[in-house]
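Please keep the sequence and the model at hand while reading.

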Amino acid sequence: MSTAIDITSLNAYYGSFQAVADVSLTIAPRSITAFIGPSGCGKSTLLRTLNRMHEVIPGARVTGSVSVDGEDVYATGVDPVLVRQRVGMVFQRPNPFPTMSIRDNVLAGVRLQRRRLSRHDGDDVVERSLRAAGLWDEVRDRLGKPGSSLSGGQQQRLCIARAIAIEPDVLLMDEPCSALDPISTLAIEDLMAGLRASYTVVIVTHNMAQAARISDKTAFFTIDGARKPGRLVEYDDTTTVFTSPSQQATADYVAGRFG
Amino acid sequence: MAVIVLDRAPTLTLTTRTVRRGRRAANTAATWVIGVLFILALVPLASLAWTAFSRGLARFDTDFLTNSMRGVVGAGGGALHAVLGTGLITGATIALSVPVGIAAAIYLVEYGRGAFARTVTFLVDVMTGIPSIVAGLFAYTVFSLVLGPGARSGLAGALALSLLMIPNVVRTSEEMLRLVPDDLREAAYALGTPKYRTIGKIVLPTAMSGIVSGVMIGVARIVGETAPLLLVAGYSDAMNYNLFSERMTTLPVFIYQQWKFKGTDVAAYDDRAWTAALMLIAFVLVLNLSSRLVARVFAPKTR
């Protein structure tokens, strides 16, 4: 059920400001792809165009196309709500719903989509999702407690469980570990390795070591200056990008010479 | 261990000490001034509370709570009809203003863009400043045009009070909705949730605690209104269970009538006015306290 993503000549704007210029790349199913690059290079913006979350911001728009499993998500008549049900997302800061218990947080996506769910099925979804997010053993005794009672790292895994509970094909992660300590980061990296078996994962990260550790392919983006759009410099196997990049800019960045 | 070198130490001379003494004196003086002003501000409040309590206690009995003023001349009688009227008119006001107010706030926070939203915000600001008697005249005019001149009813009173309460509800709800982090809206959208369900299931429940306590404080403010009700709800001595027709009395109007139209037994009228005042103050106090309780009940739990 995992899916390939095709990005063709994509441009993304905030009002009159162009944040991403002419990006084309193809993401293989059941793989982890990392977007790296300096701040402001448009990698998060590009990620948000993949499930049409970019347009949630007033004035934001996109040209070009993004196909998920061969279907253009920007074609006329496509409901962004349905796109987002297939392409899930985990954010930089853990954002469990404060009014809901741990259990209800996991089921939030299913319930918000008005899908009917028996109590028994609900229990199944909760256990399966929390197990996949590596959180089950830590919270199985307190599913009724509020989601905000968990630690930051646990909250982020709860958000991952919530995202995979609706069984998307693709999982987008926008710097999911940048607000977490190293132990929690390790827990999330471990679980991502497991997620690759069933999902196409795209992750934006500022942590190059993390990109090198977990991803199959890496895309390096950069900007040529303030108020300039971000562009794709190089996209290749992670090992190639980190050991023998074809572009000088990539080599400088992964060696830590700038950014 | 680090050694801190105080190379400024020798300059701590008499002048700096004088400056310090001056600062301390200013601090003491300011503390006293603020303390005295605070007590001065409390004097009228304490005096009012004490007067209402001591004078209101005389008739704070079961008769007062179980009788209307129907056929009562002189001593006896009660304010049951006014308590009922207050309950009905306040309830109707809440029913009219809360949906409109919350809907307007949702529009302003979640949908409103550009000139129209700015106009709505401006009009809400203007409405906040409407004198209550003008709201009364507006309701009087509306009901006179529809039902004929001089039509009085509890509903007309509720309409007038709604005009006063709606801007209040819009303002507090708007603030509470803006406090809901965008992270939560984005989280819901990213789960494939339509906007209206995100608002209904995530944004409103998260803001509910603040909205409910805001509404209760709004109620506490309109429950003491007198002028518009004198105009459009009028005054009656008897029970009126029907919001839609005939005059209806509320506690503030009852107080006014008792004080204004004293019979021969002046003390009996005064006593009833004070007891009604005591009830009104107690009711507002209870509303304020319960708004805190309700805020706690609805607040997102953290443990």
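## Basis and overall fold

Helices (H or I, at least four residues) and strands (E, at least two) are DSSP runs, numbered from the N terminus. By this definition, chain B contains 11 helices and 0 strands, in the order α-α-α-α-α-α-α-α-α-α-α along the sequence. Chain B has a radius of gyration of 27 Å, well over the 19 Å from the globule rule for 303 residues, so it is more spread out than a compact globule. The radius is taken over C-alpha atoms, and the rule is 2.2 Å times the number of residues to the power 0.38. The C-alpha trace of chain B spans about 90 × 60 × 40 Å along its principal axes.

The model is predicted: local features need pLDDT of at least 70, side-chain atom pairs count only at pLDDT 80 or more, and totals for chains, interfaces and linings use all residues. Residues are numbered from 1 along each chain as its sequence is written, chains are lettered from A and ligands numbered from 1 in the order in which they are written, and side-chain values use heavy atoms, with hydrogens and water left out.

## Burial, contacts and charge

Of the 303 residues in chain B, 40% are buried. Buried means under 20% relative accessible area, exposed over 50%, and partly exposed in between (1.4 Å probe, protein chains only). Among contacts (heavy atoms within 4.5 Å) in chain B with a separation of 6 or more, 74% join residues 24 or more positions apart.

Chain B carries 27 positive and 16 negative charges, whose mean positions are 9 Å apart. Lys and Arg count as positive and Asp and Glu as negative, while His and the chain ends are not counted; the charge is placed at NZ of Lys, CZ of Arg, CG of Asp or CD of Glu.

## Aromatic pairs

Over all chains, the structure holds 5 aromatic pairs. Rings of Phe, Tyr and Trp (its six-membered ring) pair if their centres lie within 6.5 Å; planes under 30 degrees apart count as stacked, over 60 as edge-to-face and the rest as tilted. The ring centres of B:F64 and B:F254 are 6.2 Å apart with planes at 80°, so this pair is edge-to-face. The pair links distant parts of the chain, 190 residues apart: B:F64 lies in helix α2 (residues 62–66) and B:F254 in helix α10 (residues 251–260) of chain B. B:F64 is buried at 0% relative accessibility, and B:F254 is buried at 0%.

## A buried glutamate

A:E189 belongs to helix α7 (residues 182–195) of chain A and is buried, with a relative accessible area of 5%. Not counting residues up to four places away in sequence, A:E189 touches A:Q210, A:R213 and A:I214.
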